[in-house]
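Colleague: Could you pick out one part of this model and walk me through it slowly? I'm still new to reading sheets and helices.

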Amino acid sequence: MSTKNKKVMVVGGGIAGLTAAWELSRFNIDVELIEKTPFLGGYAIRYCCKATDECRQCGACTVEAMLKNVVEEPKIKVHLATEVEKINNNGKISVNLKKSSYQPDSDTQGVVRGYSKNNSPLHVIVDKKKCEENPDAVPEGAVELDALGFSGKLDVDAVVLASGFQPFDAEKKGTYGYKKFPNVITGLDLECIMREQGAVVRPSDGKIAQKIAFIQCVGSRDERLGNLWCSQVCCPYALRMAEKSKHKNVDAQITVFYMDIQNVGKDYAGFYEKCKTDFRFVRNIPVDIFPMENGSLSMRYMNEEDGLCINEEFDLVVLSVGIMPGPDNSNLSDLFGVGLNEDGFFAGIDKLNSTSTLNDGIFLAGTVAGPKSIAASKAHAGQAASEVIKHLGVS
Amino acid sequence: MTDMINTDMEEINIATDVLVLGGGLTGIKAASEIAGSGYKVILVEKDAELGSQKEPETLVGLKEASKGLQDFEDKITAESNVEILTQARLVSAAGVTGDFTARLSKGEEVIEHKVGAIVVATDFSAGVLNENYGLSLGDNVLAQSQMAELLASEAGKQKFANKTVAFLVGLGQDGNPLVMERVLKSVLALQEIEGCDAYIYAGDLKVASNGLERMYKESREKGAVYFKLTEKPEIVENGKTISFFDPVARRGIEISPDFIVVEEELRADDLNKDIAEILRINVGPSGFLQNDNVHFFPVRSNREGIFVAGSTREISGLPSAWTDVENIAVEVKDLLGDGKKSVAKNKAVVNEDKCVICLTCYRCCPHGAIYWGDKKAIISPVACQGCGICASECPMDAIQIGGFNDEEIIEQVKSGVVSGNGAPSILAFCCQNSAFEAGEMADMFQMQLPDGLRMIKVPCAGKIDLDYILNAFVSGADGVLVMACHPGNCKSENGNTFAQWRVNEAYRMMEEAGLEKDRLCFAGIASNMGSDFSHIVVDMEQKINELGLSPLK
């Protein structure tokens, strides 16, 4: 072991970044973990447990566990609300960091809460003025956003880019009325609803949804959008969520609109059989959704039997949005000197090693390099860690 | 190294040689990576040659693989620290991680090796599904492997010039992306042949793998026709004609192909069953060697120091096998280090005076961490995961778990029974991996929790002794919750099942004692479900409010 520890920068605090950081820390490597938002955990930390009477292998709980590992590991230094400004790679990598320009997803009372109890801080003040107006609403221990970001220079021996993905913006599918009709939600919205409330409730009136439709491949496998990839996670999350919904409410009537159902878990044949007895599957992707007076939705799709269009009413429509390249990918590509593939994800050196890149010392982990489940992101991050360790010659 | 300051730690020496079972591409890559980390590797292959089982181009379909195979073979044959044993197999593996004694047979010879870790890298095999379609293989009915083989040569390709080829996939079995990839590769290859038409009769197109949707699109653009069906088409006279009714076009569609290509399922290696028995690791769905348990992903088995790679653990293509191997390289390095390991002295301690070597612990340990010496059971501090199932199952109470001593827990039970404001006292025994985390989440997120609730942390629900539950009631608890991970999510595989059994036992005793069953509740929960935790404990409080305070108070 060399006397001076090696240092690696991990960019992105989602499940892949967390895993890469933690794996590296096991080998006495100092890790600087950079996260753009004020909270670690990425998208995966927002997902709910999809167990029914038994575990359904969604892996959401493993994200909690990995976040805990990371926050408890002294060798990992976390920089929240921080992003990379400049990077110089001449054998030795030097990085300029700056405070990120974070904007919360939705309207807040001035304070944003993390998604996990392991987020530290748990509450971040994003609007000081609002908080001053209503100081009672500011929880103890809340930290100002400004106090989090880090500006400065870092010298590191390698970089793991784990900046993740973005969910498909469902508003782009205008005919589904996402954000116009409150009871049209995305799979990610439903994850958050289930995690917070433990039930499938309609956003419009807080009632338990009885008749639920899942529409698959929203944004994925879409030639018109030029998205020629399967996101690989939507069938698993939708079917697991549908089973969970049915488990919470046995009277729920669930319909899944699909093109091709992808495998879920290791025992997929058994699981799919169970799904087929519990829900109705319609091999057709609906065209239009219309709002109804009671907040319900009328959906138009083609009937398989006669090829005619029919309208059917649902309480809640869940759009299974896919995994899209991260919003910053083209910027990051220039910044890190690593190319993107034809789909806009980062390209590894070859099919077998999609973690190493043509830029020596820069590695990829997780969905930055293409769609992945939680388990696959963790595995990919482990592979990245292994390549980094070899690169650094750490033993 | 800071661990060594802790006086409860001790340093032990462990074996650092590594056994790799399976000389296919995955096994070769594993041997190469692990040897590259400086460990001696024994690579065991049942056949006469390495890499013989997988013909990369036809089965795995990756050009990189063919090249990779040669590179790695050259590398490991040159590596002085890889010992290759062909025509050999594992006979037995005694001991625990850091100290396995593997016996390998090669012909008449039996070779014994001390190894610290074992990597299983078996192959899968392909089985053609012609019977599922009522077809017999022959000149016009080909298995997917035969098709790929023909397409690998120019002469073979000519067979399909000006011919019509029909593929059957995903209708004889659900299939998976690897099966799909093989079909797509063949379809694309056929489209380079003059006058060849390809029709694909498919169930669900399994495109959930990188690049497949693009291949699907490319093949359609080049003229391949896909019929997506929900049931098998009608096949007449061993494939002379294929027909089905198209509901959209509202007509029957019939084709008379020159060739039919039947899909193949990918099956777990026949060797898996024996290997699992010898290594005492679990066989998961469809004969692959890993349970469907997220805490084991990607490469862990239920036993420390035994890792599973690639097609050993699931149907996976070479890219994911490569990912697995890199993960194993990290795990092995972390586990074996430089051969000196710092371990906690009190992880699980067996009291020699109490132990009668009844082997209950050996049988119930899900991690295979226990063996026995002359006077007592021995729990390996490296292999032990500290779940405490053995401690609770031991009929002599001879085992104590560090940090979760029985006396300390009983003390927590007694002090946890609180009575204030007339709120019922509820004790929740919580697995530290799930329920305890969920409880903390509910608390921090200010979800509703009963005033009289106290959580008692246990390393695994399997540590929740019947004594703890009974003690709680005797101490005056109005309600007791036993909260475990959901079935299939226990890090110790079946700690939750043990907990459930003990709750059932407690029910029986409560019935005898005339205590209402509703005062005891077993629940499965995950670490990230604070809201469920809140619902469960609030429901419990309501139930107890209906029953009134405990008669044992």
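Modeller: Start with helix α14 (residues 466-474) of chain B, which lies across β25, β27 and β28 of chain B. It runs at about 155° to β27(B); angles like this go from 0 to 180 degrees between N-to-C directions, with axes being lines fitted to C-alpha atoms, for helices over the stretch in contact. Contact here means that the C-beta atoms of two residues, placed from the backbone, lie within 7 Å. Helices (H or I, at least four residues) and strands (E, at least two) are DSSP runs, numbered from the N terminus.

By the way, this is a predicted model, where local features need pLDDT of at least 70, side-chain atom pairs count only at pLDDT 80 or more, and totals for chains, interfaces and linings use all residues. Residues are numbered from 1 along each chain as its sequence is written, while chains are lettered from A and ligands numbered from 1 in the order in which they are written.

Now for the sheet itself: four strands of chain B make an open sheet, ordered β26-β25-β27-β28, with parallel pairing. β26 (453-458) and β28 (520-524) of chain B are at the edges with a single partner strand each, so one side of each has no neighbour in the sheet. From one strand to the next, the twist averages 20°.

Two strands count as paired if DSSP finds at least two bridges between them. For β25 (residues 426-431) and β27 (residues 479-484) of chain B, five bridges join the parallel strands.
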